[in-house]
Amino acid sequence: MAGRAGAVPSVWARRNKSGGQPALSRDRIVAEAIGLLDEEGIDALSMRALGSRLDAGATSLYRHVAGKDELIELVVDEVYGELPVPSSEGAGGWRAAVEGNARDLRAAALRHPWMVSVLGRVGLSRLGPNLAQVSEGLLGVFEAAGFGLEEADQAMSTVTAYVMGMVTSEVAYLSVFARSGRSESEWRESLAPAMEESLRDLPRLRAGHAAQEGRSLEEIRDSGFDYGLQRVLDGLEARLARLGGDG
């Protein structure tokens with residue numbers, strides 16, 4: 001039980017047990033859990049459902065993972081393993097490194113849309129080796145740019161919050177198409193007459209809609225994400241200029 005004395009607060013705070021079913025390992029459990037999440041979403045994740053996919057009993061799973069909360073810690077860290085560790089040593093300096101990390105995080109979250117609903121509730125998330133490495137690298141990028149460590153951490157959190165906020169909206173939007181079985185372009189075509197009618201007396205919205213003709217909805221979403229990201233980075237760059245002036 002979650003409230004029992006001596007309960008381990010995080011999967012990273014105890015050793016991975018060996019033994020049990022020979023073909024079963026923590027890595028295999030995590031890989032199968034990600035497959036389940038990608039196919040069916042967060043509501044489908046349970047130790048029973050996972051055990052069924054692995055052809056293993058609950059007792060075998062519990063030798064490696066204490067429960068669903070630990071499993072979520074593991075799968076989130078595994079997704080962070082898909083991201084390169086940021087470094088400011090490449091072309092473009094700190095800004096290009098932060099921008100690249102933001103794009104990588106967005107892409108990973110769109111590949112694994114369940115992630116937006118669990119990232120904020122992962123307990124001691126930075127104990128995960130992959131997330132810790134990405135965080136360490138990003139902190140180093142911000143420090144090299146001129147931020148102190150505390151403000152570097154705040155800058156990192158600001159960028160991450162922007163990315164996950166935008167992705168949350170995108171995931172909700174894309175889930176509508178997934179449930180309907182329609183593509184974005186099919187949905188757009190079906191709504192075109194109603195859209196034209198609703199915007200008839202709204203010149204600014206009508207002009208904005210007309211300006212997007214010929215662009216795919218994916219391109220429009222990418223452009224919207226990039227606009228917001230650049231404004232966040234502009235703000236951080238202005239802050240760095242002020243820190244330099246204060247010094």
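## Aromatic pairs

In this predicted model, a search of the whole structure identifies three aromatic pairs. One of them joins Trp94 and Phe142, with 6.3 Å from centre to centre and 45 degrees between the planes, a tilted arrangement. This pair connects distant parts of the chain: Trp94 belongs to helix α5 (residues 93-111) and Phe142 to helix α6 (residues 129-145), and the two are 48 residues apart. Trp94 and Phe142 are both buried.

Phe142 also pairs with Phe147; the ring centres are 5.8 Å apart and the planes lie at 70 degrees, so this pair is edge-to-face. An angle over 60 degrees is what places a pair in that class. Phe142 and Phe147 are both buried. Through these ring pairs, Trp94, Phe142 and Phe147 are linked into a cluster.

## Charges over rings

Two arginine side chains are placed over aromatic rings. The charged end of Arg106 sits over the ring of Phe225, at 4.7 Å from the ring centre. The charged end of Arg231 sits over the ring of Tyr227, and here the distance to the centre is 4.9 Å.

## Helix α1 and its surroundings

Helix α1 covers residues 26-40, which amounts to 15 residues. From its first C-alpha to its last it reaches 21 Å, close to the 21 Å expected at 1.5 Å a residue. After α1 comes Gly41, which has a positive phi, near 90 degrees.

The buried residues in α1 are Arg26, Ile29, Val30, Ala33, Ile34, Gly35, Leu36 and Leu37. An α-helix has 3.6 residues a turn, so residues three or four places apart point the same way. The elements that cover the buried residues of α1 include α2 (47-54), α3 (58-62) and α4 (68-80).

## Packing of α1 against α4

Two packed helices are described by the angle between their axes and the distance between the axes. For α1 and α4, the axes come within 10 Å and cross at roughly 85 degrees.

On the α1 side, the contact is made by Arg26, Ile29, Val30, Ala33, Ile34 and Leu37. On the α4 side, Leu71, Leu74, Val75 and Glu78 take part. The α1 residues in this contact, Arg26, Ile29, Val30, Ala33, Ile34 and Leu37, are also listed among the buried residues of that helix.

Terms used
Residues numbered from 1 in each chain as written. Predicted model: local features only at pLDDT ≥ 70, side-chain atom pairs only at ≥ 80, totals over all residues. Heavy atoms only, no water. Helix = DSSP H or I, 4+ residues; strand = E, 2+ residues; numbered from the N terminus. Expected span 1.5 Å × (residues − 1). Buried < 20%, exposed > 50% of the residue type's maximum accessible area, 1.4 Å probe, protein only. Contact = heavy atoms within 4.5 Å. Phe/Tyr/Trp six-rings, centres within 6.5 Å; stacked < 30°, edge-to-face > 60°. Lys NZ or Arg CZ within 6 Å of the ring centre and 35° of its normal. Axes fitted to C-alpha atoms, helices over the stretch in contact; angles between N-to-C directions.
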